[in-house]
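Me: I have a model open and would like to know what stands behind the words used for it. Could we go through them one at a time?

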Amino acid sequence: MLEAVDLACERGGRSLFRRLSFALRGGELLRVAGPNGSGKTSLLRILCGLLSPTAGAVRWEGTEIRRLREEYSKQLVYIGHAAAVKDDLTAAENVRIACMLAGRRVSPRQIQQALDAFELADLPVKRLSQGQRRRAALARLLLSQSLPLWLLDEPYAALDAAAGRLVEELIDGHVARGGAVVFTTHQDTRVRASRVIDLDA
Amino acid sequence: MLEAARCIVVRDLLVAWRRRSDVATALLFFVIVTSLFPLGIGAEPDLLRSIAPGVIWVAALLSCMLSLGRLFAADHADGTLEQLLLSAAPLGVIAAAKAFAHWLVAGLPLVLIAPLIALQYDLPAPLYPVLALSLLLGTPVLSLIGAIGAALTLGLRGGGVLLSLLVLPLFVPVLIMGAGSVDMAAAGLAPDGQLLLLGALLIVAAAFAPWAIAAALRISAE
């Protein structure tokens, strides 16, 4: 369903990758590997449409994502480097707003369940630690299980072992349900990627 | 779609409420700047009456500028801007909602407090409604045009100064029309013409600015 054709990316005059092509079907897990600065984040941002590639195209169900715009955005959840939570709002408010913007209605009970799963107190985010902010961002995954595409940039960063395992379970579960996941990580992970793209090669 | 817009407005108002001091600074700036003129110029009622509309309008422009820098910068810094770009609603709608929320926080208080400021300048009472109405029509235009500049200068070093240089010249028509309407009324003429032009500016800005903001945001986010 997701198809990348001849992608190339240049940042600051330096070519990060060229002629990168792959297709991803439902139930597949793609791991993007490579050292720091090899363009993993850029690739993920290209895949979700935040960054336009220097050359090539990304297609969703055969149509270029640039033409689909928000129709494509509705199909995916993107967890980026920044936690994308507002410091002055509580974890629950952050999750609720993120879901509403993504066009999904969630009940307060569902939000509470997601926060409980990640063991998050409903405090203003500025009072939370770095890892807890990350948990607040990842709590969205629990409420996005119906979306076909997950793009996760370093989902394990700043997480402790328990939360890391929970994310692994979520990824496994999503793939088992027939969803597609693209993720990057430097940590060892037990999830079995069906494909690996090494940007260093 | 409207739900997403409402969500943004509510979110921004909630954040503004929890950071009341930021809102208060812009408003206090307006009050203090407009209070400095009568103090500096001294008790010359005729002079004060004649400069009042211009001074109040210029102070309103500058006070609006103060909060524009933060409009998208905060969202950019914590990563929520990326999520806004990936939201299910068209980006133009989100941009319009952001500009509207900015006006509610930075523009509307000026409209409400302006008659009180006008007291210091001994502006005749019949001019208060004209002054308030001109601000009511003009300040949303400032938020809309300013948001384009804020989106364009996002993430740039020295973006704050650049934003002023970029946006203040574009505020000139609003300033001329806004201050001019009060001057007309003070001269005993009907201010309708200027107010209608301000209204027309508002309609044009409301129709086109959101899409310009959206395009600028996409460029800045790359």
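Me: Happy to start with a helix: what makes H3(B) count as bent, and where does the bend lie?

Reply: H3(B) bends by about 50 degrees at B:Ala52. The bend at a residue is the angle between axes fitted to the seven residues ending there and the seven starting there. A proline, B:Pro53, follows within four residues. A word on the source: this is a predicted model, in which local features need pLDDT of at least 70, side-chain atom pairs count only at pLDDT 80 or more, and totals for chains, interfaces and linings use all residues. Residues are numbered from 1 along each chain as its sequence is written, while chains are lettered from A and ligands numbered from 1 in the order in which they are written.

Me: How do you know what span to expect for helix H3 of chain B?

Reply: The expected span is 1.5 Å times one less than the number of residues. Helix H3 (residues 45-68) of chain B has 24 residues, and its 34 Å from first C-alpha to last is close to the 34 Å expected.

Me: What elements does chain B hold, and how are they defined?

Reply: Chain B has nine helices and zero strands. Both are DSSP runs numbered from the N terminus: helices are H or I with at least four residues, strands are E with at least two.

Me: Why is B:Leu152 called buried?

Reply: A residue is buried if 20 or more other C-beta atoms lie within 10 Å of its own, exposed if 12 or fewer, and partly exposed in between, with C-beta atoms placed from the backbone. B:Leu152 has 21 such atoms, so this residue is buried. B:Leu152 lies in helix H7 (residues 127-152) of chain B. Buried residues make up 47% of the 222 residues in chain B.

Me: Which residues is B:Leu152 in contact with, leaving aside its neighbours within four places in sequence?

Reply: They are B:Leu166, B:Ala216 and B:Ser220. Contact means that the two C-beta atoms, placed from the backbone, lie within 7 Å.

Me: Is A:Asp6 buried or exposed, and why?

Reply: A:Asp6 has 12 other C-beta atoms within 10 Å, so A:Asp6 is exposed. Its place is in strand S1 (residues 2-11) of chain A, and its phi is near 50 degrees, a positive value in a residue other than glycine.

Me: And why is A:Arg69 called partly exposed?

Reply: A:Arg69 has 15 other C-beta atoms within 10 Å, and therefore counts as partly exposed. A:Arg69 sits in the loop between helix H2 (65-68) and helix H3 (70-73) of chain A. Phi of A:Arg69 is near 50 degrees, again positive in a residue other than glycine.

Me: What does the radius of gyration of chain B agree with?

Reply: The radius is taken over C-alpha atoms, and the globule rule is 2.2 Å times the number of residues to the power 0.38. For 222 residues a compact globule would be near 17 Å; chain B has 18 Å, so the value agrees. The C-alpha trace of chain B spans about 55 × 35 × 30 Å along its principal axes.

Me: How many residues does each chain give to the contact between A and B?

Reply: Chain B gives 22 residues and chain A gives 23. On the side of chain B that touches chain A, the largest share, seven residues, comes from H1(B).
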